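Reader: I would like to learn how to read backbone angles and aromatic contacts in a model. Please take one feature at a time.

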Amino acid sequence: MKNKKIIAVISGVAALLVIGIAAFIIFRPDDEVPLEVVTQTTSGTTTTPPVTTTEVVTTTYPPFVNGLSEKAQEAKASNSDTVGWIRISNTVIDYPVVQTSDNDYYVTNNFYEQPDPAGWVFMDFRSAIDQGYTTDNILMYGHNMANGTMFSDLKKYLRDESFYESNPIVEVSSLTADYQYKIFAFMLCDGTSTSDFQFWNYVMFSDTDEEWSCDKYLSRINDKSLITTNVDVKKDDSFLLLSTCNTGDPNDGTRFVVLARRVRPGEEALAGTTGSSRR
């Protein structure tokens with residue numbers, strides 16, 4: 001078995017959700033984007049239209065469309081921090097992914113490196129997705145914005161029981177290659193320091209330590225998952241974890257985490273994604 005970090009990242013998510021290190025879990029759940037009131041003049045009469053919520057456009061993409069890496073390359077011309085692209089059908093999640101040397105900057109800055117409470121979708125600084133080197137586990141973050149942007153649409157998996165089977169694939173690219181990941185679990189994680197996820201500190205992980213065995217971690221994920229799927233998971237799979245805040249309550253440290261594994265070479269992408277059930 002390869003020297004994997006499957007447990008490392010799964011535990012890392014929990015660690016980020018738990019140990020309170022600002023670089024890992026500083027999110028502003030359900031931040032509102034200020035709405036502008038536009039003044040219009042018609043026949044000499046000035047009227048102020050009512051304030052409405054920001055319109056969010058969702059587009060359904062055919063799954064497994066290649067070309068995201070080309071979009072990422074184009075985005076890199078505007079922001080050198082671009083490392084890839086992420087897209088999920090029937091959501092607004094269709095963004096270039098950025099990465100810096102920490103997990104702070106894009107919490108409060110947008111793709112154009114301007115201060116913005118919405119931040120941007122970014123990859124954990126310890127993850128890598130590159131032609132020369134790709135970690136076995138990719139961890140990405142995004143705000144749960146009240147206006148429906150960033151990673152807010154991840155909550156569709158939680159709210160709509162039919163959404164998973166219609167949209168089980170996450171498309172991700174590097175700057176040079178396109179990948180598909182199939183979702184196998186999602187869960188709510190308590191981020192408080194006294195929660196049962198506190199032990200998931202990936203820094204302490206060792207392949208030879210029985211306490212941190214892959215089987216045990218996969219079992220615990222299965223225990224925590226809010227959905228049962230027929231997607232098989234193996235110790236040497238590559239994983240994608242997407243993390244966002246659960247609610248807009250600043251006192252709520254809960255995170256909603258979606259877990260997916262990379263479609264294996266020669267595998268039918270949708271295999272195992274039907275016949276799921278909620279818990």
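Author: Start with Glu113, which is found in the loop between strand E4 (94-98) and strand E5 (122-123). The model is predicted. Phi of Glu113 is near 60°, a positive value in a residue other than glycine.

Reader: Where does Met150 lie, and what is its phi?

Author: Met150 sits in the loop between strand E6 (137-141) and helix H4 (156-159). Its phi is near 55°, again a positive value in a residue other than glycine. Met150 is buried, because its relative accessible area of 5% is under 20%.

Reader: What describes a pair of aromatic rings?

Author: The distance of the centres and the angle of the planes describe such a pair. With ring centres required to lie within 6.5 Å, the count here comes to 9 aromatic pairs. One of them joins Phe184 and Phe239, at 5.7 Å centre to centre with 75° between the planes. This pair is edge-to-face, because the angle is over 60 degrees. It links distant parts of the chain: Phe184 belongs to strand E8 (residues 178-189) and Phe239 to strand E10 (residues 239-245), 55 residues apart. Both Phe184 and Phe239 are buried.

Reader: Which residues form one aromatic cluster?

Author: Tyr95, Phe111, Tyr112 and Trp120 do.

Reader: Which residue lies over the face of Tyr179?

Author: Arg262 does, at 4.0 Å from the ring centre.

Notes: Residues numbered from 1 in each chain as written. Predicted model: local features only at pLDDT ≥ 70, side-chain atom pairs only at ≥ 80, totals over all residues. Heavy atoms only, no water. Helix = DSSP H or I, 4+ residues; strand = E, 2+ residues; numbered from the N terminus. Buried < 20%, exposed > 50% of the residue type's maximum accessible area, 1.4 Å probe, protein only. Phe/Tyr/Trp six-rings, centres within 6.5 Å; stacked < 30°, edge-to-face > 60°. Lys NZ or Arg CZ within 6 Å of the ring centre and 35° of its normal.
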